[in-house]
Amino acid sequence: MRLSDQARVQNQVAYLTSAAERMDRVQRQLATNRRIDRASDDPSGAALAMDYRKSIAFEAQMRRNLENGTAFLNVTEAALSGATDLLQRARELTVQAANDTLGPAERQGVAAEVNQLIEQLAQVANTSFGGVYIFSGHQTNTPAYAVGGSPPAAVTWQGDYGERLRRVSARDVVPVNIIGDRVFGNLFGQMIQLRDALQSGAPGAQIRPFIADIDAGLERVLNARAEVGARLNRFEATNYRSLETDTNLQELRAGVEDIDIAETIVRFTAAQNALEAALGAIGRTSNLSLLNYLR
């Protein structure tokens with residue numbers, strides 16, 4: 001077969017191009033630490049890595065939901081804790097006022113403190129977080145309770161019963177809010193009646209029934225705190241499982257997409273040697289022709 005000088009040069013260029021491309025590909029893998037840089041590098045591996053990346057992104061979003069929900073529940077727990085303290089103080093005052101040994105001036109002093117407790121409890125019930133009222137259901141821009149008068153003559157529920165849901169896994173959606181009306185019920189009206197009875201100098205027999213009303217309100221608040229605590233525990237456990245899942249997915253993705261450093265260094269060295277050998281061989285033979293042997 002006759003081989004012209006032009007064909008020989010073209011072959012040499014093709015050899016050099018092929019060797020340089022191999023070395024460039026391995027060098028790029030070392031620089032990026034990725035075996036698959038383009039889908040054409042490994043179509044099936046690229047598709048599998050993309051699935052892993054979607055799952056990793058989904059788990060990251062679930063953890064953001066959990067973080068947001070946990071913050072919301074922590075604020076709710078703090079508000080309910082404050083309500084517990086206020087109601088316990090209200091109960092102490094009511095037990096004290098149920099004693100007939102108190103005179104009119106002392107009852108009026110108790111009434112003044114109960115009035116302060118009503119106002120503080122209304123502030124707790126209208127707690128906001130991130131610009132939304134936590135006990136208002138879906139009425140996020142509306143205070144849960146409207147306070148009428150000063151001192152308060154009425155505290156009126158104006159939220160709804162909507163649940164604010166957070167997706168925490170592929171299958172689970174969990175509410176993060178507590179409905180104010182289910183926690184406080186008619187407690188404001190009962191405490192206003194208590195205050196007015198104390199202000200009017202009502203005897204202890206008329207004050208004692210309010211102890212049961214406050215106890216019922218305390219029980220509702222404590223039940224709500226238990227529910228919030230259970231949700232917080234669930235969120236913590238779910239977040240832990242999500243982190244474990246993320247670790248496993250990252251390992252699977254790396255197994256498909258990332259390089260083996262030691263193996264790739266060996267391949268890079270081999271590609272570099274091949275390129276240098278090709279350059280040396282072409283350099284030694286590029287000027288050779290039949291005339292070199294006829295001289």
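Guide: A residue counts as buried under 20% relative accessible area, as exposed over 50%, and as partly exposed in between, with a 1.4 Å probe and protein chains only. The model is predicted, so local features need pLDDT of at least 70 and side-chain atom pairs pLDDT 80 or more, while totals for chains, interfaces and linings use all residues. Residues are numbered from 1 along each chain as its sequence is written, and side-chain values use heavy atoms, with hydrogens and water left out.

Visitor: Why is Thr84 called buried?

Guide: Its relative accessible area is 4%, which falls under the 20% limit, so Thr84 is buried. Thr84 lies in helix α2; a helix is a DSSP run of H or I with at least four residues, a strand a run of E with at least two, numbered from the N terminus.

Visitor: Which residues does Thr84 contact, apart from its neighbours within four places in sequence?

Guide: They are Leu218, Val221, Leu222 and Arg225, where contact means heavy atoms within 4.5 Å.

Visitor: What makes Phe135 and Phe184 an edge-to-face pair?

Guide: Rings of Phe, Tyr and Trp (its six-membered ring) pair if their centres lie within 6.5 Å; planes under 30 degrees apart are stacked, over 60 edge-to-face, and the rest tilted. By this rule there are 7 aromatic pairs. The centres of Phe135 and Phe184 are 5.7 Å apart and their planes stand at 85°, so this pair is edge-to-face. Phe135 sits in the loop between β2 (132-133) and β3 (145-148), and Phe184 in helix α4 (residues 180-184), 49 residues apart. Both Phe135 and Phe184 are buried.

Visitor: Why is the pair of Trp157 and Tyr161 called tilted?

Guide: The ring centres of Trp157 and Tyr161 are 5.9 Å apart and the planes are at 50°, so the pair is tilted.

Visitor: How do you know whether Trp157 and Tyr161 are buried or partly exposed?

Guide: Trp157 has a relative accessible area of 19%, so Trp157 is buried. Tyr161 has 41%, so Tyr161 is partly exposed.

Visitor: What makes a set of grid points a pocket?

Guide: On a 1 Å grid over the protein atoms alone, a pocket is an open set with protein on both sides within 12 Å along at least five of seven lines, whereas a cavity is a set where a 1.4 Å probe fits but cannot get out. Lining residues have an atom within 4 Å of a point. The largest pocket holds about 210 Å³, a volume being the space filled by probe spheres set on the points, which are joined across faces, edges and corners.

Visitor: Which helix supplies the largest share of the lining of the largest pocket?

Guide: That is α7, with 5 residues.
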